[in-house]
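Subject: Structure handover

Hello,

Here is the structure I promised to pass on. Please open it first, then read the notes below.

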Amino acid sequence: MTLAPSPVAVTPRSAEGCVVATAAEVAASVPQLELDGLTLRFRTRSGDVHALENVTFSVRRGEIVGVVGESGSGKSVLSLALMGLLDTAAHIDSGRATFRLADGSTRDLLRPGRREARPPLAMIFQSPRTALNPIRKVGQQLADVLRSRESGLGAKAAHERARELIGRVKITDPERRLAAYPFEMSGGMCQRVMIALALACRPELLIADEPTTGLDVTTQAAIMDLVRELSHASGMSTILITHDLNLAAESCDRIVVMHAGHVVEVGPTAAILGRPRHPYTAKLIATTPRARSTLAELQAIPGNLPDLRAQELPPCRFSGRCDRLLPACHEPPVVALACVPGTGGGGAASEARGAHLVACRNPVP
Amino acid sequence: MPADGARVVAKRIALGLANALPSLAGVVVITFILTRALPGDPAAYFAGPAATEEAVEQVRRTLGLDRPLPVQFLDYLRELARGDLGTSLTTGQPVLEEMAARLPASLELTLVALLLAGAIGIPLGVLAATRPGSLVDQACRVGTTVGVALPVFFTGVLLIYAFYFLLGWAPAPLGRLDPLLDPPQALTGFYVLDAILQGDPALAAEALRQLALPALALALVAMAPLARMTRASMLGVLGSEFVRTARALGLSRFQVLVVYAFRNALLPVLTTLGMTFSFLLGANVLVEKVFAWPGVGSYALEALIASDFAPVQGFVLIMGILYVLLNLAIDTLYAFVDPRVARGA
Amino acid sequence: MSTAAVPVGAAAARSGGSETWRHVRYVLAENPLTFAAFLCFLAIVATALVGPALVPYDPLASDTAAALSPPSLAHWFGTDQLGRDIFSRVIVATRLDLGIALAAVALSFVVGSFAGAWAGYRGGIADKVVGRFADTVMAFPLFVLAMGIVAALGNTVQNIVYATAVVNLPFYIRLARAEIVRLREAGFVEAAAISGNRPLGILVRHLYPNALPTLVVQASLNLGWALLNAAGLSFIGLGVRPPTPEWGIMVADGANFVVAGKWWIAAFPGLAIMGTALCFNFLGDGLRDLLDPTRRT
C-alpha cells in the first residue's frame, strides 16, 4: 500500500471547500472499494441508453452503504457492473472500480483479468424464490457453490459445510431444509438460503439488491438483522440497494443517493436524512410516508425520469423536475460531487471517512 | 431412491393411468364410430367392392351388423378383449397377427428417426441459444422455419434423388434389406439389432444403409420443432433470474449451462418430444410409401386402396393406443425431472 | 419524456383508425419478411383465381411425344409421363390445394371456436363433453385419424376437407375455451349480464369478438399445416383422382420417376407445397406480431 506524498495531490478530484486531511488520516481510511467516474451505456436498437454517468463513491471495510433512488436510477445496473454480470450490450465508456482485498492486492472490478481468481464479492437478489434453481435441492445448490470454489471438495464434506452455512443464517432443522426445494420454502427462508449461498463465496463485500422487497415487515427486519450481524462478525462490508429510505435509515452507515444514472448526494445517514442538500434527496425524504401521514399529506415528485436514450442529456438530469432551478444548471459540464462546506476532509478519503458531498449548483441550504 | 420418492412416483403413475383410461376409452369409441356409425353401408365395406348382394348380406349377418348399435359396440369390445381385430380381405389373415409382424419395421424406423432428430435438433437449439445472433443461430432459425413447412413425403423424394441417383451413396429404396439378402433371425424384429445379436455386422451395416434415407427424411422434418422449442426454452432459461444467480455465485460455465440452464430448459422439450412422436407415427405412412418400407403404415395403406377396411381400423386403433401409452410414459418421466410436478407445488 | 397531450373523446375515436393503420405500417416496416409473405400470399391467391385462364397448356392435354422431357423453354417445368405440361398443372392445382386448405381451416375455425367458446362460457356438462371430445381427437396421431376418417366417409375431395377440419378442431376448441375462460371474469361481462343480456347474446356480442384476434392468429398459423395434411392425404391416394391436377398426387406420380433421375415431375409441385406453406407460416407469424399487444410501440 503506497502512501500519498501530500494530501492535496491524493486525487485529481479534490473537491472545493473541503478541509484538507493529513497524510495519516488518509492512510487509515483507505477504502475497500473506490468507484471513480463510472460511465456506462447500453447499445440498443432504438439508440444508446446512458445508464450511468460519472458514478463516484467508496465503501470502507466493514461498513454498510445504502444506494437509494427510484426505479430506473441505475442502482441495479451499478451492482451488475461491479459483479461483472452485465449484458453484452453494455459498454463501459470510462471509470474504475478499485477493490482492495484483505491481502492488500487491488483489482479493477470493471476489467477482470482472465487468469485472476474471482474477486471476493457476492450478491443477493430480490425475489429469492425465483433467484434459486427451482428443480435443484437447496443442499445441492450450496454444494455446487462450495465445490466450484474448492475443486477437491468431496460430496460429504460439501454437505457438512452446507449444513454449517445453513446454520449460520439461522435456519432451523438444517437437514430437512437441505433436502428441500425452493418452492417448498417461504420467501424469508429462501432469502436466508440466498445469503448462505453468498457466504459460501467467502465475500469481503456483499451487494444486496433489494433483498427485502416482497417480504413482510417482520421477515424484513429479521433478514436485515442477519445481514448486519454477519457484517460485524466477519468484517464484511455491504452495499444495500433499496428504494426504501426507511430501510436505509435503519441499517446503513452511509447513503448514496442516485437519480437517473447520476450520484447526486453521498454522506453519513444522519446527515443525509437530517439535512439533505440535494433537492432530489429532500423530495425523496418528503415523499416517504410516515406512520401518521394522512392521504392529503402524501407528496409526490413531479415529472418523470428523463429518457436516457436521448442524444443530448442535460448536465443535471434532475433539472426537468427541480424547483430550485438556476440558469447555471443547464450549462455543461456535468455537475460533479463537491463537499458540503465544513463537513471534513478532502477528496476520496474524506468521502469515505464520512464527508457529505452533493452534486448540485444550487443545493438546499 | 428414498421411500418417499418412490411413493411419489408411484402416485404419479397411478394418476397418469387414471388420465389415460378415458383417452383409451375415447380411442376405442372413435374407432368403433368410424366403422359402424358413419354414412355408407359398413357391410359393403367389409365385404369388399367385388361382393355380390348375397355376399354383402352374409357379411352383414356374420359381423353382426344387422344388430342394434349398442349391441354391436359390446361385441366390438368383446372382440378387442380377445385380441380379434378382424380379418383382412386381401390376405385372409387376422389383422392383429399381420400388424404384429409388421410393427417392428415401423418402430425401428420411428425410433431411429426420433433419435436422429433429437441428437441433431436439441444440441442445435442449445448452440443457437448460447450464441444469439451468430451464424449457428441464424441457420437454426431459418432451418426450423423451413423444416416446419417441409412435406415429409417430398423430403423423402428429394433425398432419393440426391443420395441415390446423383451421389450413389444410398441403396435403392426397396425396403428394409436388399432383396437378395436374407433377414436376420427375428429376436426383436429390429433388423440392425438382430443382425448384431446374430453376430453378423455386415448384415447390420446393410440394414442400416437401407434405414438411412427414410430415417433421415423423417428426422429432417421432426427436428425442426425440437430445435425450435429447445432454442426458445433455452433462451428463456438463460435470461432467467436463477441463472443470473448461478453466474453471480461463480459457478463454472459448464455448470451454469448444463446443470442449471439445460436441465430446466429440457422440460418443455419433453412435451415437444411427445408431439414429435405423434407426428412421426402419422408421417410413417408417407415415408413407408416412398421407400417401400414393409411396416404397419404401408399395410394399412394397401388395405385402404383396396377398400379392405378391417386393417385400416386396426391400424387407427393401435396407433391411438400407442400414442396414449407414450404420453403416459412422458408424463411419468416429467415427474422424475420436475420435482414441482411430483410434489404438487 | 414527451409531454404531448393525449387526445381524448371524439378526436381519439377519429385517430383510432389511423393509429391502427400506423401500427400496421410499423409492423410491416419492421418486418420486411412479413411484408414479403403478404405479397406472396396475394400472388398465390391471384394464381388460384386467374391462373387457370392464363396457363400456356391445357393441364389435361397429353402429348406422348414430349413425355418425360426436362424443363425447357417450351415447357418451363418439364413434362410428366403422359406429356402433360407440369407448369400448367402446378398453376391450375393452386386453386384446388388452396381451396382445400382454406375450406378445412374455415370449417375447423367456425365449428371449433364456437364449440370451445360455448364450453368455456357455460362450463359444467357442456365443458366436459366438448373437452373430452377434443382430448380424444388429440389422443390419435392426427394424420392417422384423418386417414381413418377419409377411409370411413369415402374417398372424395369433400371428405379430405372434412377429415382435415376434424383433426384441426381441438386446437380451436382449446384456444377458444381458454380465451373465453380468461375473459369471462372481466367486468364488462358482468355488466352485460346485469343489464339483461342472455348468455348467448353475451357470448356472441361481447366475449367472442374479444377472443377473435388470438383465434385468427391460430388460424393463420394453422393454414400451412392444413395444406401439408391435405397434400399428404392425396399423396397416399385419397380424395383426388387422376387426372385432376393437385400438388400431392403430382408428387406421388413424380416419386416413381425420381429413381430414374427425372426430378422435375415431383420437384415443382413439392416446391409449390413448401413455398405456400412457408408463406402461410410467415404470414401467421406476422399476424401474431401485429395483433400481440406486447409488441406495440
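Predicted model: local features only at pLDDT ≥ 70, side-chain atom pairs only at ≥ 80, totals over all residues.

Let me begin with chain C. Chain C has 10 helices and zero strands. The C-alpha trace of chain C spans about 75 × 50 × 30 Å along its principal axes. Chain C has 297 residues, and 47% of them count as buried. Take the contacts in chain C between residues at least 6 apart in sequence: 70% of these join residues at least 24 apart.

**Two helices of chain C**

Look next at H9(C) and H10(C). Two packed helices are described by the angle between their axes and the distance between the axes. The axes of H9(C) and H10(C) come within 7 Å. They cross at roughly 145 degrees. The crossing of H9(C) and H10(C) is left-handed.

Which residues meet there? From H9(C) come Trp247(C), Met250(C), Val251(C), Asp253(C), Gly254(C), Ala255(C), Phe257(C) and Val258(C). From H10(C) come Ile265(C), Ala266(C), Pro269(C), Gly270(C), Ala272(C) and Ile273(C). The residues of this contact divide into 11 nonpolar, two polar and one charged.

**Where chain C touches chain B**

Chain C also has a contact with chain B. Here 38 residues of chain C are in contact with 42 residues of chain B. Which helices of chain C each supply at least two residues to its side? They are H4 (124-138), H5 (142-153), H8 (199-235), H9 (247-258) and H10 (264-291) of chain C. H5(C) gives the most, with 10 residues. By type, the chain C side divides into 26 nonpolar, 10 polar and two charged residues.

**Domains of chain A**

Now to chain A. Its domain assignment gives domain 1 (1-31 + 60-82 + 203-209 + 221-365) and domain 2 (121-201). In chain A, 11 residues of domain 1 are in contact with 14 residues of domain 2. On the domain 1 side, helix H2 (75-83), strand S7 (205-209) and helix H8 (217-234) of chain A each supply at least two residues. S7(A) has the largest share of that side, with five residues. The residues on the domain 1 side divide into nine nonpolar, one polar and one charged.

**The sheet of chain A**

Eight strands of chain A form an open sheet. Their order is S6-S7-S8-S3-S9-S10-S12-S11, and the pairing is mixed. Strand S6 (121-124) and strand S11 (338-339) of chain A stand at the edges. Each has a single partner strand, so one side of each is left without a neighbour in the sheet. Helix H7 (residues 187-200) of chain A packs on the sheet and touches S6 and S7 of chain A. The direction of H7(A) makes about 170 degrees with that of S6(A).

S9(A) is worth a look. Is S9(A) largely enclosed or left open? Six of its six residues are buried, so S9(A) is largely enclosed by the rest of the structure. In a regular strand the side chains alternate between the two faces of the sheet. Arg254(A), Val256(A) and Met258(A) point one way from S9(A). Ile255(A), Val257(A) and His259(A) point the other way, and all are buried.

Strand S3 (residues 64-68) of chain A runs parallel to S9(A), and four bridges join the two. Val65(A) stands opposite Arg254(A) in S9(A).

Strand S10 (residues 262-268) of chain A runs antiparallel to S9 (residues 254-259) of chain A, with six bridges between them. Val257(A) stands opposite Glu265(A) in S10(A). Met258(A) has Val263(A) in S10(A) as its bridge partner. The hairpin of S9(A) and S10(A) has two residues between the strands. In that hairpin, Ala260(A) takes a positive phi near 50 degrees.

**Helix H11 of chain A**

Which of its residues are buried? Pro279(A), Tyr280(A), Thr281(A), Lys283(A) and Leu284(A) are. What covers these buried residues includes helix H9 (245-251), S9, S10 and helix H10 (269-274) of chain A.

Best wishes

Terms used:
Residues numbered from 1 in each chain as written. Chains lettered and ligands numbered in written order. Contact = placed C-beta atoms within 7 Å. Nonpolar A, V, L, I, M, F, W, Y, C, P; charged D, E, K, R; others polar. Domains from an automatic or database assignment. Axes fitted to C-alpha atoms, helices over the stretch in contact; angles between N-to-C directions. Left-handed = near helix turned anticlockwise from the far one by under 90°. Pairing = 2+ DSSP bridges. Buried ≥ 20, exposed ≤ 12 C-beta atoms within 10 Å, placed from the backbone.
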